[in-house]
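Q: Here is a structure I have not seen before. Please take me through some of the terms used for it, and show what each one rests on.

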Amino acid sequence: MKSISKSLSGLAIIVALTSTSFAAESKYTTKDLNDEAILALSWIQNSAEFKALSYQAFNIAKLRWDMDKAGGKRAIVVDVDETIIDNSPFNGGLIGKHYGYNDNVWQEWAEDRSATALPGAVEFLNYVVETGGDVFYVTNRKSMPEKKMDLKAATMENLTALGFPQIDDKHMMLRTDTSKKQPRRDSITAMGYRTVLLMGDNLADFDVAFDGDTMSARATAVENNKSSFGDKFIMLPNPVYGNWEGAVYGGGKWYKKTSEERSKLRIETLRKFEFSKK
């Protein structure tokens, strides 16, 4: 009888451990969320279409720059990441990992100084300088030595090595406090410059009008400013990350949502055709 009881007890323990293991393995993880980016990353790194869109953006920017005859001190304001340089290997490195973006892993990538230039970016920005303009790099890469997070030197060295112009303290505007870019854009105006063009991969790179954090607010802001795209605003494609993703998760403190919740929202917010075949 004792032998049977021990056997049943042992079986119960095995079943419990197996159930616990299955539950742990079936839970949706950050690794699973990272893996959902594979197709978008493949498109950025491998498609000729991405290169074509990048060239198209800088070709339009050049046409628009040449059309401007208003005079004065003229400037171009550009974002850095995914606007003039490609960080997709960073996101590619997260595939298969059980952690996502954080300051430590981003700092490791940035200090490697291995980001490459987007097609057409170096040529266009040098053309701007050669024709009498200034280029201001307004980026949310952090320059916060007090928080042991200062990417200024690494960023400037990476951009200089790639051949970008005016990489100096005047023209490099990293994040020193708020992530909002309007104060830095205002400081360019205060120096007497007229901004001819703004280039970015995120709507917040252009104007405070795009600071809404829901899908509807962002869509409305684009509709209200539609005539500026291709004129004052030049957008670069970035299907991997950006404020658009937070809007899909509902805005607000979206970053507190679990990986599983985020994945479900990615699916639930899609428009879907109902096929007759189940």
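Q: What makes E7, helix H10 and E8 a β-α-β unit, and which hand does the unit have?
A: This is a predicted model. In it, strand E7, helix H10 (residues 215-224) and strand E8 make up the unit, and the unit is right-handed. The term right-handed applies because the path from the first strand over the helix to the second runs clockwise, with the strands pointing away from the viewer.

Q: How do you know that E7 and E8 pair?
A: Pairing needs at least two bridges. E7 and E8 (residues 233-235) are joined by 3 bridges. They run parallel. Met199 stands opposite Ile234 in E8.

Q: What joins strand E1 to E7?
A: There are 6 bridges between E1 (residues 73-78) and E7. The cut-off is at least two, so E1 and E7 count as paired. These strands also run parallel. Lys73 stands opposite Tyr193 in E7.

Q: Why is E7 called largely enclosed?
A: Buried means under 20% relative accessible area. In E7 (residues 193-200), 7 of the 8 residues are buried, so the rest of the structure largely encloses this strand.

Q: Which residues of helix H8 are buried?
A: H8 spans residues 152-162, and its buried residues are Ala154, Thr155, Met156, Asn158 and Leu159. They pack against strand E2 (85-86), helix H6 (103-112), strand E4 (134-144) and strand E6 (172-175). In an α-helix, residues three or four places apart point the same way, because there are 3.6 residues a turn.

Q: What follows H8?
A: Gly163 does, and its phi is positive, near 100°.

Q: Why is Asp169 called exposed?
A: Exposed means over 50% relative accessible area. Asp169 has 57%, so it is exposed. Asp169 lies in the loop between H8 and E6.

Q: Which residues does Asp169 contact, leaving aside its neighbours within four places in sequence?
A: Lys152 and Met156. Asp169 and Met156 are 13 residues apart in sequence. From C-alpha to C-alpha they are 9.3 Å apart in space. Contact is judged on heavy atoms within 4.5 Å.

Q: What lines the second largest pocket?
A: Its lining consists of Phe90, Gly93, Leu94, Tyr99, Val105, Glu108 and Trp109. Helix H5 (88-93) and H6 are the elements that give two or more residues. H6 gives the most, with 3. The pocket holds about 150 Å³ of space.

Q: How do the residues of that lining divide?
A: Into 5 nonpolar, 1 polar and 1 charged. Glu counts as charged and Gly as polar.

Definitions and conventions: Residues are numbered from 1 along each chain as its sequence is written. This is a predicted model: local features need pLDDT of at least 70, side-chain atom pairs count only at pLDDT 80 or more; totals for chains, interfaces and linings use all residues. Side-chain values use heavy atoms; hydrogens and water are left out. Buried means under 20% relative accessible area, exposed over 50%, partly exposed in between (1.4 Å probe, protein chains only). Helices (H or I, at least four residues) and strands (E, at least two) are DSSP runs, numbered from the N terminus. On a 1 Å grid over the protein atoms alone, a cavity is a set of points where a 1.4 Å probe fits but cannot get out, and a pocket is an open set with protein on both sides within 12 Å along at least five of seven lines; lining residues have an atom within 4 Å of a point. Grid points are joined across faces, edges and corners, and a volume is the space filled by probe spheres set on the points.
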